[in-house]
Amino acid sequence: MAQTHEIPMAAAVLDRCQIQPSPDTVTELILPLLHFDITWLYFHPVQRLLFFHLPCSRRHFVEVIVPDLKSSLLITLNHFLPLAGNIVHPINGGRPFSRFVIGDSVSFTVAECDKDFKHLTGYHPRLSDEFYAFVPELPPAKISPEDVVLPVLALQATLFPDHGVCLGFTNHHAIGDASTIVRFVKSWASVNRFGGDARLIDDKSLPFYDRTSVSGAGALDARYWELVRRTRGVVPRRFSFPFNKVRATFLVRRDDVEALKAFVARRRPETHVTAFTTTCALVWACLVRAEAGSVPDDEPEYFCFAADCRGRLDPPLPANYFGNCLALVKAESRHGLLKGKEGFLVAAESIGVAIQKTVYNERGILDGAEEWPTDFRNLIRKRLFGVAGSPRFDLYDADYGWGRPRKVESASIDTDTSMALGKSRDFDDGLEFTLSRPKRILDAFAAIFTESIRTL
């Protein structure tokens, strides 16, 4: 099938507009991009979808739901000004920075779709391409002889008449990590639900912008910029359809988590054991088995994820620090070990060692950080599996006044090899993860994973 940039099964657009923060906000806000942000400067956009069960007509949607979303978005953006601004990338010298000036705005699309809401919000395999009718695109970069100006956020509300609403979020990763974007999503939800921002202020949920609080950043900033700026073009590459993938969501209930942890603790008592490490280990090992075929047993396998390090810096940053603040964690093993009988234990031990080496490093979580860009660039075209999202940032708590989301999807995992991991919607202390893979591999994974959970 021919590749195309056209979005398959596009929704009918009812409105496109720009939402500006109030003109009585600050006239300009400039934030330097630190090494934490520079890491993600050329990364693909991050795309999240929140589906809500909300039976309503088009008239109610257009006359009530959308105006409320627009007014609450404006109020929320007053507190998240960088999301209405841009990343400015100078052409000839100078590091990129985030800039908001009066008149900047966020693209907001309103659409309608007649697709099967129940099907899209299920856990069964669904074509990955189906979801892009609800994913907003970032506006194109503005290119001049002096700089490239990159919008950082686009939003979309899509109606499924008499069934529900989907809110779509697309952001440039360099403007903020999951902690920052999820805080924005929940803040918008709170303002929309309660009709104002009083609760944000009372709960001290407003973002913290002081980048001078990041101790010792200068040397790493310079090194990261020198390494990253030579790697690729400034403007993100567009992806093409079809992806030829299906996505499915899998549950790991609390009893499953406890069984996994107990199994590892009994067999490898020295391993760092948490719900995160054991779940990731099982998925990694099962996926390697599902993909096994012509891969040599001595082929290296890598598992990578980003750990929030706001509270682990010296001095620590507040949880509401705006931007990226992630440590990159890399576990490694061999294909033959992971697909073997003790592949789950091998994976758990590898991930545990990587966490101990980085997150709990006695010399600090940033020990060795000067080599992270090089280390991860060397993983290009290697067998790499990773995690998008975190159970710590629960989007199922985002209530816009319509109840909790029926389903959360991370569309952007279609463009890399990560899984989306988060808290379970319906099971206390459980987890759910979504994989996007060719159907043959996903079917094989589902059978192996189900059997592994049953027999452990």
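How much space lies in the largest cavity? About 50 Å³. This model is predicted. The briefing below covers its cavity, a pocket, a sheet and a pair of helices.

**The cavity**
- Searching the whole structure turns up one cavity of 30 Å³ or more.
- The residues around the largest cavity are His 35, Phe 36, Thr 39, Trp 40, Tyr 224, Leu 326 and Trp 372.
- Five of the lining residues are nonpolar and two are polar.

- H5 supplies the largest share, with nine residues.
- Sorted by class, the pocket lining has 12 charged, eight nonpolar and five polar residues.

**The sheet**
- Five strands make up an open sheet, and their order is E2-E5-E4-E9-E8.
- The strands pair in the antiparallel sense.
- Which strands stand at the edges? They are strand E2 (28-32) and strand E8 (142-143).
- Each edge strand has a single partner, so one side of each lacks a neighbour in the sheet.
- Further in, strand E4 (residues 86-90) pairs with strand E5 (residues 97-101).
- Three antiparallel bridges join E4 and E5.
- Val 88 has Phe 97 in E5 as its bridge partner.

**A helix pair**
- Two packed helices are described by the angle between their axes and by the distance between those axes.
- Helix H8 (residues 254-267) and helix H11 (residues 343-358) have axes that come within 11 Å.
- The two axes cross at roughly 85°.
- Angles of 65 to 115 degrees count as roughly perpendicular, so H8 is roughly perpendicular to H11.
- On the H8 side, the contact is made by Leu 260, Phe 263, Val 264 and Arg 267.
- On the H11 side, Phe 344, Leu 345 and Ala 348 meet them.
- The residues of this contact are six nonpolar and one charged, with no polar residue.

Definitions and conventions: Residues are numbered from 1 along each chain as its sequence is written. This is a predicted model: local features need pLDDT of at least 70, side-chain atom pairs count only at pLDDT 80 or more; totals for chains, interfaces and linings use all residues. Side-chain values use heavy atoms; hydrogens and water are left out. Helices (H or I, at least four residues) and strands (E, at least two) are DSSP runs, numbered from the N terminus. Ala, Val, Leu, Ile, Met, Phe, Trp, Tyr, Cys and Pro count as nonpolar, Asp, Glu, Lys and Arg as charged, and the others, Gly among them, as polar. Two strands pair if DSSP finds at least two bridges between them. Axes are lines fitted to C-alpha atoms, for helices over the stretch in contact, and angles run from 0 to 180 degrees between N-to-C directions. Angles under 35 degrees count as roughly parallel, over 145 as roughly antiparallel, 65 to 115 as roughly perpendicular and the rest as oblique. Contact means heavy atoms within 4.5 Å. On a 1 Å grid over the protein atoms alone, a cavity is a set of points where a 1.4 Å probe fits but cannot get out, and a pocket is an open set with protein on both sides within 12 Å along at least five of seven lines; lining residues have an atom within 4 Å of a point. Grid points are joined across faces, edges and corners, and a volume is the space filled by probe spheres set on the points.
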